[in-house]
Number of protein chains: 2
Amino acid sequence: MEKENKENKTALSAEIRALRDKLLGQQQLLRAKGLPVIVLVEGWSAAGKGSLINELISGIDPRFYNVVSPQIVPEAQARYPFLHPYACAIPENGKIMFFDAGWMEDVVRKRLRRDITGEQYKTRVRSVNEFERQLRDGGYLLLKIFLDIDRKEQHERMRALRENYETEWRVTEDDLWQHREYKAFREAYDEFMEKTGETIPWIRLDGSKRKAAVRDALRLITDSIDRGVEQGRYVGEPFKEKFPLIPMPKLADVDLSPALEDEEYRRELKKLQKRLKQLHNVIYRKRIPVILCYEGWDAAGKGGNIRRIARPLDPRGFDVIPIASPLPHELARQFLWRFWTRLPRSGHVCIFDRTWYGRVMVERLEGYCAEADWKRAYNEINEFERQLTDDWGAVVLKFWIHIDQDTQLARFTDRQNTPEKQWKLTEEDWRNREKWPLYEAAVDEMLEKTSTENAPWYIIESNDKKYARIKTLRIVVEALERACEEHITRGL
Amino acid sequence: MEKENKENKTALSAEIRALRDKLLGQQQLLRAKGLPVIVLVEGWSAAGKGSLINELISGIDPRFYNVVSPQIVPEAQARYPFLHPYACAIPENGKIMFFDAGWMEDVVRKRLRRDITGEQYKTRVRSVNEFERQLRDGGYLLLKIFLDIDRKEQHERMRALRENYETEWRVTEDDLWQHREYKAFREAYDEFMEKTGETIPWIRLDGSKRKAAVRDALRLITDSIDRGVEQGRYVGEPFKEKFPLIPMPKLADVDLSPALEDEEYRRELKKLQKRLKQLHNVIYRKRIPVILCYEGWDAAGKGGNIRRIARPLDPRGFDVIPIASPLPHELARQFLWRFWTRLPRSGHVCIFDRTWYGRVMVERLEGYCAEADWKRAYNEINEFERQLTDDWGAVVLKFWIHIDQDTQLARFTDRQNTPEKQWKLTEEDWRNREKWPLYEAAVDEMLEKTSTENAPWYIIESNDKKYARIKTLRIVVEALERACEEHITRGL
């Protein structure tokens with residue numbers, strides 16, 4: 001009997017060696033195909049998540065993988081949406097990222113700690129499903145492993161760790177608490193996996209059989225890579241949810257005549273900026289995140305509009321983020337990554353000068369992404385923004401700074417003829433102008449599909465810049481007043 | 001009398017408006033010239049640093065400046081070198097960065113708090129001088145303002161802030177402590193400014209006269225930009241410090257014959273990896289940062305060598321960082337920025353697969369930087385590494401993986417003829433090979449000038465890869481053993 005066992009072990013070791021070699025070879029295949037892989041390893045404390053990852057990576061090329069062990073930030077200290085550390089850590093094309101526990105542990109532990117309410121839990125489960133689907137649709141190979149051990153095994157392992165001076169620190173208070181609450185955790189893990197297993201299935205591995213678990217994980221990974229390389233990125237019916245949308249007029253139907261007299265402009269500007277300054281203080285203290293998105297025609301007056309908002313704000317609490325074409329390392333990741341990594345801390349105001357909507361405008365019209373990519377993006381963006389507002393409590397307002405073609409031509413000409421303004425005008429601006437009808441149709445579609453109740457679009461009539469600035473300021477002030485009141489009511 | 005005062009104020013306001021307009025125009029000049037500007041605003045609590053910055057930026061284009069208010073991390077929680085937050089926040093070419101307090105407050109406050117010793121204080125002052133000089137030499141315009149108020153004024157202002165519900169939170173315990181210890185702070189500020197004012201002078205502004213301070217700061221900034229644009233980047237005698245250097249042999253004199261038998265290799269590998277695994281635990285718990293730098297000839301065996309180091313390490317505590325050509329946003333900043341932003345947290349091991357030494361090898365030989373740049377870099381790198389070891393307690397080890405030309409040719413040929421290895425060989429490798437003598441001279445100079453006692457180079461004879469791996473492992477193990485012992489002695 002003993003001999004057979006030993007033979008089994010030898011066979012298992014040989015299998016593991018062969019699979020490791022295969023994975024080492026596949027790393028080059030991943031690079032060549034630009035396929036990114038995420039391996040999420042969740043499971044019980046002391047189930048051996050770290051050791052399993054260690055076994056998986058030993059023998060592969062450390063230049064082309066990474067391991068992250070995200071810390072779970074206590075809810076009271078969280079300054080970013082809960083998905084933020086995970087969304088910021090996704091690998092670039094061609095690389096493998098191992099998560100030593102991740103969003104599952106985050107959500108489940110906080111739920112059992114009553115750090116989040118039942119309602120929040122539901123919202124987070126939804127966000128997790130959205131996040132995982134977006135990764136898959138964005139070309140990622142996502143593998144989710146749950147390392148399972150029973151209560152007795154966990155007890156044994158924790159005892160062994162705590163008896164050894166070198167390892168006792170590895171058993172934390174949280175781990176001991178989990179062991180005491182084993183039953184509640186079992187239920188919570190099961191429930192979470194049931195609710196998040198539909199799009200990307202969970203793979204349960206028996207953590208008590210270490211070698212077999214390594215072999216099974218390696219098999220899963222290498223088989224999945226084989227399949228992923230062969231089939232290419234996921235193509236299926238794009239997922240579409242019915243978001244509560246605010247009806248928007250067509251751009252062509254917008255009356256651009258509203259204007260303001262100088263005197264009224266100055267009066268209103270002063271009043272609104274003063275109010276905004278006060279509100280910024282409250283926002284800061286209540287830690288409400290505020291995200292203002294600016295899009296609009298070239299020469300519509302975005303810059304001047306932004307400056308009128310920025311002026312009364314405390315510079316320590318706001319940022320203007322100009323968005324240009326994506327850099328190579330940004331193109332090598334899911335398209336929202338470069339926005340996830342630029343989110344402000346809660347309590348700060350962040351003004352995006354152009355945004356993720358580039359996906360459904362310039363990237364769509366210039367062919368910088370595939371048709372399926374921008375078609376899917378409306379829904380992905382709605383989800384992303386809902387994660388900001390619902391998971392995190394952010395205020396998200398979006399402004400389309402609108403002018404007509406004649407006004408644009410007048411401003412272009414003025415820029416051309418004024419030496420100090422010439423830098424503002426590029427050849428590209430003229431080229432974009434020629435595509436006005438195409439852009440107009442794309443903008444109409446964008447406004448129609450993404451003006452959600454939680455993150456509405458506002459068309460800002462900007463033939464008269466003064467009118468546009470006052471209108472924007474007023475919308476911001478009113479939205480912040482509402483947000484501050486709501487947070488008071490909630491007792492935060 | 002009163003009337004004259006009012007006239008003065010009106011004149012001052014007009015001056016400020018004119019200077020603001022000038023600064024707005026200069027922003028485009030800065031962009032065109034690619035000149036980055038850093039404005040450090042230090043000074044007393046309640047002296048009005050935030051308001052001053054607010055006045056400076058009001059009216060300029062928020063797309064081309066940023067404001068940071070770095071938090072001072074308590075020494076006990078610090079996981080990075082103290083300059084890290086500042087070095088990571090430097091602006092890219094063409095932009096202005098305002099620091100709302102920075103490295104001065106960090107060093108002075110910690111000294112007065114006795115968070116750092118007198119010895120550490122001296123080291124930090126030196127590092128600050130190095131950091132500022134490197135910025136200037138790297139083409140940055142650095143302006144340092146100290147906003148001064150006397151004790152009575154500070155008292156008045158803090159009282160006013162605390163009496164108002166909306167502002168009372170702005171006066172922190174630290175501020176109150178500073179007010180009680182006003183005299184000690186005064187002396188410490190003066191001393192710090194004296195010790196850091198030689199290369200980049202400090203400008204003191206009277207914080208009690210708010211409007212005049214705004215005018216003076218704007219004048220300082222606009223005049224400096226005028227001069228900076230006119231004169232171009234600083235060119236002077238490159239600064240050179242005599243670092244304690246370890247004599248290095250010329251590459252040509254290195255005996256490449258050492259080799260290991262399979263059996264000894266396997267025995268030693270097992271022993272050393274086991275020991276390294278143990279040490280990694282200690283390193284982690286003592287929070288010692290470890291940085292291993294790999295450079296070497298193409299096909300010298302860097303990758304395999306790195307894998308033998310990485311294998312026994314806990315994946316949650318180490319990272320391999322492959323360094324490729326700098327990306328556009330990296331080229332737009334001081335050359336060490338992309339390494340500052342990749343430093344590991346203390347307690348982690350970070351393996352750089354190629355390093356900042358690219359500056360004095362490929363960038364030098366391919367003409368990617370000016371002659372003055374790479375000539376200055378030896379000293380800059382020695383300073384940078386000393387900041388890692390002396391300010392932060394890092395272990396920094398540098399390996400030159402060495403082979404001769406025949407061995408390289410044999411390995412190139414093998415790669416060419418083995419399908420699984422072909423990806424490792426590029427046209428560039430062949431081109432670099434032709435420049436062997438040039439590279440050899442550059443490497444000799446690099447080894448000679450940068451093998452400091454605190455961050456030594458090790459030439460690793462790698463004609464026999466097994467010998468090379470064992471030698472590297474042994475050096476790492478011995479260095480970590482020393483570091484662990486030292487940290488015990490210091491009682492950390």
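Mentor: Helices (H or I, at least four residues) and strands (E, at least two) are DSSP runs, numbered from the N terminus, and by that rule chain A has 19 helices and 10 strands. This is a predicted model, in which local features need pLDDT of at least 70 and side-chain atom pairs count only at pLDDT 80 or more, while totals for chains, interfaces and linings use all residues. Residues are numbered from 1 along each chain as its sequence is written, chains are lettered from A and ligands numbered from 1 in the order in which they are written, and side-chain values use heavy atoms, with hydrogens and water left out.

Trainee: What is the strand order of the open sheet in chain B, and why do strands 2 and 5 stand at its edges?

Mentor: The five strands are ordered 2-3-1-4-5, with parallel pairing. Strand 2 (65–68) and strand 5 (202–206) of chain B each have a single partner strand, so one side of each is left without a neighbour in the sheet. Neighbouring strands are turned by 20 degrees against each other on average, direction ignored.

Trainee: How do you know that helix 8 of chain B packs on this sheet?

Mentor: Helix 8 (residues 182–195) touches strand 1 (37–43), strand 4 (141–148) and strand 5 of chain B, where contact means heavy atoms within 4.5 Å. The direction of helix 8 makes about 145 degrees with that of strand 5 of chain B, on a scale from 0 to 180 degrees between N-to-C directions.

Trainee: Why is strand 4 of chain B called largely enclosed?

Mentor: Buried means under 20% relative accessible area, exposed over 50%, and partly exposed in between (1.4 Å probe, protein chains only). Eight of the eight residues of strand 4 of chain B are buried, so the strand is largely enclosed by the rest of the structure. Both faces are covered, with Leu143(B) and Ile145(B) among the buried residues on one side, and Lys144(B) and Asp148(B) among those on the other.

Methods. Pairing = 2+ DSSP bridges.
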